[in-house]
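Visitor: I am new to this structure. Please show me how to read it.

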Amino acid sequence: MATSNDKHECKVRINDFILSSILSDPEASSLVGSIDNGTSSSRFLLITSAGKILSTAQVEYDQCFPSSSPYNEGSSCAGWHEHDPFAIWDSVATCIVKTVEELAKHGLDLSIETNNSIVKAVGITNQRETTVAWNDRTGRVYYNAIVWDDTRTAATADTIMKENKQSDVAPQDVLRSKTGLPIASYFAATKVRWLIDNIPELQRDLNSPDEREHVRFGTMDTWIL
């Protein structure tokens with residue numbers, strides 16, 4: 001069974017055979033939830049202890065490719081890729097809520113006390129190095145999430161390689177012994193550097209004794225939590 005509308009609405013699919021098995025003996029059943037936040041959509045899955053998928057829910061969200069930016073005046077924004085962090089959070093919440101609603105319609109109400117212990121744990125997998133900065137006191141974000149494939153910090157990565165040049169090591173690997181990673185705009189560190197260097201409100205809070213401790217940087221798993 002499935003419910004679906006346009007791409008921004010939640011699509012929920014339920015395996016009828018697995019559902020009927022759970023309904024026959026709910027107390028003996030156990031499920032694990034999986035939040036899967038990808039580059040173009042979020043999904044929520046419920047999986048049985050035997051590794052069978054009971055249900056999937058999916059919500060797509062918009063991609064932002066800025067053509068211009070006040071933080072890059074007079075220069076091209078080619079290679080920039082952003083997401084609205086709240087659209088991501090909403091997509092995850094919608095997937096979970098709609099899953100619970102659809103299962104309730106078909107006889108498995110996870111909101112009632114006798115059934116809510118069926119879900120033993122929920123895990124998160126997320127879209128690589130997409131990075132966001134926010135204030136955990138106010139809940140506001142300082143800027144859109146910078147997506148993992150965004151290349152605005154390629155020059156920063158190049159500068160790091162040049163400043164740490166070693167004759168016997170490939171340029172991208174000069175910090176690998178310390179970080180375990182090659183130097184590239186792909187990773188979160190250069191994205192954090194860009195946010196600090198370019199977003200005035202973030203700079204103000206980092207320089208404020210009262211607000212500094214509330215500034216958070218993270219990838220999408222941290223933001224969703």
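**Reading a pocket and a helix**

Visitor: How much space lies in the second largest pocket?

Guide: About 180 Å³ of space lies in the second largest pocket. A pocket is an open set of points on a 1 Å grid over the protein atoms alone, where a 1.4 Å probe fits, with protein on both sides within 12 Å along at least five of seven lines; lining residues have an atom within 4 Å of a point. Grid points are joined across faces, edges and corners, and the volume is the space filled by probe spheres set on the points. This is a predicted model: local features need pLDDT of at least 70, side-chain atom pairs count only at pLDDT 80 or more, and totals for chains, interfaces and linings use all residues. Residues are numbered from 1 along each chain as its sequence is written, and side-chain values use heavy atoms, without hydrogens and water.

Visitor: Which helix gives the largest share of that lining?

Guide: Helices are DSSP runs (H or I, at least four residues), numbered from the N terminus. Here helix α1 (residues 16-24) supplies the largest share, four residues. F17, I18, S21 and I22 are among the lining residues, as are T48 and K52.

Visitor: Which residues of α2 are buried?

Guide: Buried means under 20% relative accessible area (1.4 Å probe, protein chains only). In α2 these are P85, I88, S91, V92, C95, T99, E102 and L103. They lie on the same side of α2 because they cover an arc of only 155° around the axis, taken from the directions from the helix axis to the C-beta atoms.

Visitor: What follows α2?

Guide: G107 follows α2, with a positive phi near 105°.

Terms used: Helix = DSSP H or I, 4+ residues; strand = E, 2+ residues; numbered from the N terminus. Buried < 20%, exposed > 50% of the residue type's maximum accessible area, 1.4 Å probe, protein only.
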